[in-house]
Amino acid sequence: MPNMLNIALPKGRLGERVYDIFEAAGYACPSLKEPNRRLIFENEAAGVRYFWSKPSDVAIYVERGAADIGVAGKDILLEYSPDVYELLDLNMGKCRMCVAGPADFRDDISRTLRVATKFPNIARSYYAGQSREIDIIKMNGSIELAPIVGLSDVIVDIVETGKTLAENGLAPLKEIVPISARLIANKARFKFRRDEISTLCENIDRLLREAAEE
């Protein structure tokens, strides 16, 4: 239905937590919590349609207009720079984007720094700000292995607890930026549904502030 508000949520525990906030804010869709493998859920009475997406794809659905709004990590927004509005920091899924490597690592600025990462744009931007010459090694798997076997000097990656790094003899060296889940909106849809989306934002922000005060 064209008048429904289309909301893209990231699959997994974070998406489930985010939905609970939407539900509490008055945008419930009971079928979403039923045990099934469906990806799209509608509640005509509430005027909402939710769908689950791979976390890294939420911003694409929103940018391209398949979703009016969605929830994406700040890491995704920084890495891919989608043309969307960032409306609200949900203060969920908190972690850090860090430079990590051997705890005793010392940067030799006389040579190019080798950086393994899943986030080449974030890494490139960070080191450009330091006028540091780097060699980006784009990886997709467990990049903690890269400095251990000598493929890279350091890595740029998301750090939550630091446990994986510690278990592999590595440590966070510098924090680049804090990461959390953000509510985003398609620019055109926001223009035409400004009041509706703004009200949703205000309701969610109020709930988050109340929860923080408890």
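Mentor: Two strands count as paired if DSSP finds at least two bridges between them. Helices (H or I, at least four residues) and strands (E, at least two) are DSSP runs, numbered from the N terminus. This is a predicted model, in which local features need pLDDT of at least 70 and side-chain atom pairs count only at pLDDT 80 or more, while totals for chains, interfaces and linings use all residues. Residues are numbered from 1 along each chain as its sequence is written, and side-chain values use heavy atoms, with hydrogens and water left out.

The strand to consider is β3 (48-53). With β1, β3 pairs in the parallel sense over six bridges, and P10 stands opposite S53 of β3. Strand β2 (residues 40-43) runs antiparallel to β3 and is joined to β3 by four bridges; here F41 stands opposite Y50. β2 and β3 form a hairpin with four residues between them, and G47 in the turn has a positive phi of about 70°.

Six of the six residues of β3 are buried, so β3 is largely enclosed by the rest of the structure. Buried means under 20% relative accessible area, with a 1.4 Å probe and protein chains only. On one side lie V48, Y50 and W52, and on the other R49, F51 and S53.

A nonpolar core is a set of buried Ala, Val, Leu, Ile, Met, Phe, Trp, Tyr and Cys residues joined through side-chain atoms within 4.5 Å. In the largest such core, of 30 residues, Y50 is among those that touch the most other members, as is F22. The elements giving two or more residues to this core include β3, β1 and α8 (194-213), and α8 supplies the largest share, six residues.

Key: Buried means under 20% relative accessible area, exposed over 50%, partly exposed in between (1.4 Å probe, protein chains only).
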